[in-house]
Amino acid sequence: MQNDRIRQIMTILLQEKKVIAKDLASRFGVSLESIRRDLSELERQGAVRKFYGGAVLVEDLLPDGEAAVFQVRLTEHGAEKQAIARTAAALIADGETVYLDSGTTAAALIPYLKERRGLTVITRSLRSAAQLGMCDHLTVYCLGGAVKVDTLTNTGFMAQECLNYFSHIDTAILSGDGLVPTQGVVDFGMENLAFKRSLVERSGRVAVVIDSSKFGRTAHCLTCPTERITTLVTDGGADAQALETLRARGVEVMVAE
């Protein structure tokens, strides 16, 4: 119920740019404290900035239509993504070199990575680079390439060339469009296939962060075979048999509470 309400609040914000907490409480028939928690969650996700009595939408660099799509995606399965992010972040130690993928579940790790010291973060996401790059205790590299407007992510051969400068990555935080336990992580976009395969090969640990709604979802590009997944972090809604299949293939499975 809370996730549905948060998504509806986000839709209102995209239309009106600003909300008043007491108006939302009346509109949804819930307590003012419940609305405050919802707004705090949206602020944690980087979607809004709170003020006394309400919140305003954080303006985005994307065109309005594309910004709306991405911001709504941030709130879909929001609680699950936050739980996955907390669990996955615990895998990362100070001083590591980390690749952070461009999906919304990977983006949920940003607040936790800000708490680490001495990290080197590599990403193709302009959003992630902008947020993490403001932390003077982190070193952030944004790989170049053609900008994909719906995700504000760099793609193509230039991103691959930039990746080649890094000989080793301690932990790759990898997302995907789907997960087939007997195959691996799959994506719809062919343009990132070579990049992700190269990324996987030079990473000591491949931590796949993916919510249960993507289990069994197929796509035509296999970006990370099951055998190359070190750790899978997902939520409690994941199919038990699918998790057992992954464990049998040597994957460490972590179910976020």
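**Entry 1: a β-α-β unit**

I began with β14, α11 and β15, which make a right-handed β-α-β unit. Right-handed here means that, with the strands pointing away from the viewer, the path from the first strand over the helix to the second runs clockwise. I am reading a predicted model, where local features need pLDDT of at least 70 and side-chain atom pairs count only at pLDDT 80 or more, while totals for chains, interfaces and linings use all residues. Residues are numbered from 1 along each chain as its sequence is written, and side-chain values use heavy atoms, with hydrogens and water left out.

The element names come from DSSP runs, numbered from the N terminus: helices are H or I of at least four residues, and strands are E of at least two. Two strands pair if DSSP finds at least two bridges between them. I found that β14 and β15 (residues 252-256) run parallel and are joined by five bridges. Asp-235 stands opposite Ala-256 in β15.

**Entry 2: the strand in the middle of things**

Is β14 enclosed or open? I looked up its burial, where buried means under 20% relative accessible area, exposed over 50%, and partly exposed in between (1.4 Å probe, protein chains only). Five of the five residues of β14 (residues 231-235) are buried, so the strand is largely enclosed by the rest of the structure. Both of its faces are covered, with Thr-231, Val-233 and Asp-235 on one side and Leu-232 and Thr-234 on the other. I also noted that β14 pairs with β12 in the parallel sense over three bridges. There, Val-209 has Val-233 of β14 as its bridge partner.

**Entry 3: the seven-strand sheet**

I then followed the whole sheet. It is open, has seven strands in the order β6-β5-β4-β9-β12-β14-β15, and its pairing is parallel. Its edge strands are β6 (139-142) and β15, each of which pairs on one side only. Neighbouring strands are turned by 20° against each other on average, direction ignored. For such angles, axes are lines fitted to C-alpha atoms, for helices over the stretch in contact, and angles run from 0 to 180 degrees between N-to-C directions.

Next I checked a helix on this sheet. Helix α5 (residues 78-89) packs on it and touches β12, β14 and β15, and its direction makes about 150° with that of β14. Contact means heavy atoms within 4.5 Å.

**Entry 4**

I picked Tyr-141, which is found in strand β6. It is partly exposed, with a relative accessible area of 40%. Strand β5 (residues 120-123) and β6 pair in the parallel sense over four bridges, and Ile-122 stands opposite Tyr-141. Leaving out residues up to four places away in sequence, Tyr-141 touches Thr-120, Val-121, Ile-122, Thr-123 and Phe-166.

I found another open sheet, with three strands in the order β10-β11-β13 and antiparallel pairing. Its edge strands are β10 (178-180) and β13 (221-225). The twist averages 35° from one strand to the next. Helix α10 (residues 193-201) packs on this sheet, touching β11 and β13, and its direction makes about 5° with that of β13.

I then saw that α10 also lies across β4, β9 and β12, running at about 140° to β9. Its buried residues include Leu-193, Phe-195 and Leu-199.

**Entry 4: nonpolar cores**

A nonpolar core is a set of buried Ala, Val, Leu, Ile, Met, Phe, Trp, Tyr and Cys residues joined through side-chain atoms within 4.5 Å. The largest one has 27 residues, and Leu-199 and Phe-215 are among those with the most contacts inside it. Elements that each supply at least two residues include α9, α10 and α11 (240-248). A second, separate core of 26 residues includes Ala-85, Ala-89, Val-98 and Leu-109.

**Entry 5: cysteines**

How many disulfides does the structure hold? I counted pairs of cysteine sulfur atoms within 2.5 Å, and there are zero disulfides. Cys-162 is partly exposed at 25% relative accessible area, while Cys-221 counts as buried at 1%.
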